[in-house]
Amino acid sequence: MSAAAAAGGSAPRPAFLLALALALALALSPSPARARFSCSPGARPVVFNFGDSNSDTGGMAAAKGWHIAPPEGRAFFHHPTGRFCDGRLVIDFLCESLNISYLSPYLKAIGSNYSNGVNFAISGSTTLPREALFVLHGQVQEFFFFKARSLELINQGQEAPIDAEAFQNALYIIDIGQNDINALLSNLPYDQVVANLPPILAEIKYAVQLLYGNGSRNFWIHGTGALGCLPQKLSIPRKNDSDLDQNGCLNTYNRAAVAFNTALGSLCDQLNVELKNATVVYTDLFAIKYDLVANHTKYGFDSPLMTCCGYGGPPYNYDLSRSCQSSNSTVCADGSKFISWDGVHLTEAANAVVAAAILSSAYSRPKIKFDQFCKAR
């Protein structure tokens, strides 16, 4: 049974069906594979994820004891799960593609299942400063603790959800940087934002090197999305619309995102050369997420720049002081027609399209299929 069936999910949305069709079509085109990055029949996929709210499956809710209320989770889980979404995130769809359970948050004390990996992502996380709580470096240290404790239990003759071989053959996903870039853009002009990107990239590089030195070999790294198309950014008062592009998105924010992704892609290329017997895949999420807006009708979306759950009405339905969790917020009737769920995060329907594009490998370098990382046990 697939993860979706096990969770009792609702019928696929039209956007999801289109996304699946896109993935299947693109999957027919050949892509090069490397022998050390292939999945054998019967192998058990294991995934470790590091990131922010784009892939947080309930970590921050568990850490702070947040009681997140409906309508979060309404489209699939039918109750709040700690995800900032009406349903599944991209990481959830990626897990479904491997036919494994959704990743439990590292900090969730009750009801967690770590047999197929762990989610260390925490909402609001950044790469810097390194000493801050829940930053990327801290998430990597949590992983080291989890691994050391697991192997200690095995050495004592006890059971652990993941053994040494599974740790080595696992896929390590990193999806972080958006909050760092947003913070820079809130305080600095564009040129200074770009000048401050190297320290962020250095932290991602350092995290990969630490994991590699601990035995990790398979890495999947996501670039940031189209920040200038987020209703949260578009709702910021501006003197005029001169910074808007032909699709109504903010050029400055998107230029910063592209600059970060270009540098991140080059970093991944560099790591592929430097790290012996390792594979580092870079995926351009900006291209994927901007396409959602630019070609929204192709995916069945009606309101590409308007929030489904928010406050204020058109054109963006976003108010910084009234979040989706506010008592006076409004929520759209059909989230499958919207790209943005709460002004910052995507709807389940949009996440499905993004996941399908990732699975196609069309936006990845090297073009390796997502499921081609595990090895026979």
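**Disulfides and their surroundings**

1. C229 counts as buried, at 6% relative accessibility; buried means under 20% relative accessible area, exposed over 50% and partly exposed in between, with a 1.4 Å probe and protein chains only. This is a predicted model, in which local features need pLDDT of at least 70 and side-chain atom pairs count only at pLDDT 80 or more, while totals for chains, interfaces and linings use all residues. Residues are numbered from 1 along each chain as its sequence is written, and side-chain values use heavy atoms, with hydrogens and water left out.

2. C229 forms a disulfide with C249, the sulfur atoms being 2.1 Å apart; the term denotes a pair of cysteine sulfur atoms within 2.5 Å. The torsion about the S-S bond of C229 and C249 is about 110°, so this disulfide is right-handed. C249 is buried at 0% relative accessibility.

3. Three disulfides are found in a search of the whole structure. One of them joins C308 to C332, with sulfur atoms 2.0 Å apart, and is left-handed, with -85° about the S-S bond. C308 is buried at 2%, as is C332 at 11%.

4. A disulfide also joins C309 to C324 (S to S 2.0 Å). With 90° about the S-S bond, the link of C309 and C324 is right-handed. C309 has a relative accessible area of 1%, and C324 one of 6%.

5. S340 is buried, at 5% relative accessible area. Its contacts (heavy atoms within 4.5 Å), leaving aside neighbours within four places in sequence, include C308, P231 and H345.
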